[in-house]
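Here are my notes for a first look at this model. Please read them with the structure open.

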Amino acid sequence: MAADPLSRVFSALADPTRRDIVARLAVGDATVNELAAPYDVTVQAVSKHLKVLEDAGLVSRSREAQRRPVHLEANVFDLMTKWIERYRQQAEERYRRLDDVLRSMPDVPPTPEGKPS
Amino acid sequence: MTSTTHHETQIVSDPDVPLVRIIREFDAPPEKVFRAHTDPELVVQWLGPRGLEMRIDHYDCRNGGSYRYIHSRDGEEYGFHGSFHEVRPNELIVQTFTFEGMPDGVALEKLVLEDLGDGRTRLTATSLCDSFADRDGMLSSGMDVGVNEGYAKLDELLARS
C-alpha cells in the first residue's frame with residue numbers, strides 16, 4: 001500500500017544522508033557520481049537513496065541515471081515549511097501536556113522549599 | 001479575548017539567524033508555568049515526546065546547575081544535557097542544550113515568561129543554534145524518532161489550511 005505523499009516526503013527526509021543530498025541539490029544539479037563522492041558508500045547505495053527521494057517526488061533524473069544530473073524538484077522553502085509545521089505540531093502536543101500539568105497543580109507549592117518527600 | 005481561546009503554538013524560524021522561536025500562551029500564572037519547568041517531577045510529565053519514555057538523570061534548575069534526561073523507546077536511548085546559566089523565578093531561564101548523539105553541537109535556549117494578567121502567561125522559547133545546518137537538523141530531527149507519529153493529525157491540519 002502506497003503511503004500518502006506527505007508521509008513519503010517525511011520518510012525520505014528521515015535519513016541524514018538523504019537530507020544531505022537534498023541540501024547539495026539545492027545548490028545545483030549533480031550527477032550520481034558527484035553526489036556519491038563525499039560519502040564512504042558506493043554509487044549503488046547513493047542510487048538507492050536517490051530512488052527513495054525520487055519516489056517521494058523530491059528529485060528527478062533521466063534514464064541514464066549514472067551520467068545525467070539529478071535535479072531537485074521540491075522547492076527547499078516548501079520542505080522547510082513541512083519541517084517547521086511538524087516541529088510546531090510536536091511543540092503543540094508537548095504544550096497540551098503542559099496545559100494538563102498546569103491544571104493539575106495546586107495554587108501554591110506544597111512547601112516554600114519545594115515538594116515534601 | 002475570551003478565556004476559552006485556544007492558544008495554538010506559533011513557530012518563528014529566522015532566515016538570517018539560525019534560531020527557532022516558539023510562542024505559546026497558557027491559562028496559568030507565570031509562577032505555575034515556571035514551576036512546571038523547574039520541578040523535575042512536573043517536567044517529566046510533559047517534556048518527553050509522545051510515544052517515548054522520559055527518564056530524568058538529574059535536573060538542577062538554578063544558576064550554574066545542570067540537567068540530563070533520556071528519551072527511550074524499544075531499547076533505543078536518546079540523551080540530552082545542558083547547563084542552566086540564568087534562572088530568575090517566574091521570568092526567565094537561560095540554558096544550553098545538547099543532543100548526546102551530536103555531542104559537539106550546542107544550542108543556547110532562552111525561555112521568557114510574560115505575565116498577561118488574569119492568570120495567563122505568554123511563553124517565548126528561543127533556541128539559537130551554531131549554524132543553519134544545526135538549526136535545520138533540529139527542525140527535522142523529530143522525523144528521525146517519530147516518522148509515523150502524528151501524520152494523520154498533520155494531514156488533517158494541512159487539509160484544513
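1. Start with the outward side of helix α2(A). The face turned away from its buried side carries the exposed residues Pro16(A) and Val27(A). Helices (H or I, at least four residues) and strands (E, at least two) are DSSP runs, numbered from the N terminus.

2. A word on the source. This is a predicted model: local features need pLDDT of at least 70, side-chain atom pairs count only at pLDDT 80 or more, and totals for chains, interfaces and linings use all residues. Residues are numbered from 1 along each chain as its sequence is written, while chains are lettered from A and ligands numbered from 1 in the order in which they are written.

3. Which residues of α2(A) are buried? They are Arg18(A), Arg19(A), Ile21(A), Val22(A) and Leu25(A). Seen down the axis of α2(A), these buried residues fall within an arc of 160°, so they line one face of the helix. The arc is taken from the directions from the helix axis to the C-beta atoms.

4. Helix α2 of chain A covers residues 16-27, 12 residues in total. From first C-alpha to last it reaches 17 Å, close to the 16 Å expected at 1.5 Å a residue. The expected span is 1.5 Å times one less than the number of residues.

5. Now Leu72(A), in strand β2 (residues 71-72) of chain A. Leu72(A) counts as buried because it has 21 C-beta neighbours inside 10 Å. Beyond its neighbours within four places in sequence, its contacts include Val22(A) and Leu25(A). Leu58(A) is also among them. Contact means that C-beta atoms, placed from the backbone, lie within 7 Å.

6. Chain B has 4 helices and 8 strands. Along the sequence the pattern is β-β-α-α-β-β-β-β-β-β-α-α. Of the 161 residues in chain B, 23% are buried.

7. Look at strand β8 (residues 120-128) of chain B. Strand β2 (residues 19-26) of chain B pairs with β8(B) in the antiparallel sense over 8 bridges. Strand β7 (residues 107-117) of chain B also runs antiparallel to β8(B), joined by 9 bridges. Pairing requires at least two DSSP bridges between two strands.

8. Thr121(B) in β8(B) is the bridge partner of Phe26(B). Thr121(B) is also the bridge partner of Asp115(B). β7(B) and β8(B) form a hairpin with 2 residues between them. In the turn, Asp118(B) has a positive phi of about 55°.

Definitions and conventions
A residue is buried if 20 or more other C-beta atoms lie within 10 Å of its own, exposed if 12 or fewer, and partly exposed in between; C-beta atoms are placed from the backbone. Two residues are in contact if their C-beta atoms, placed from the backbone, lie within 7 Å.
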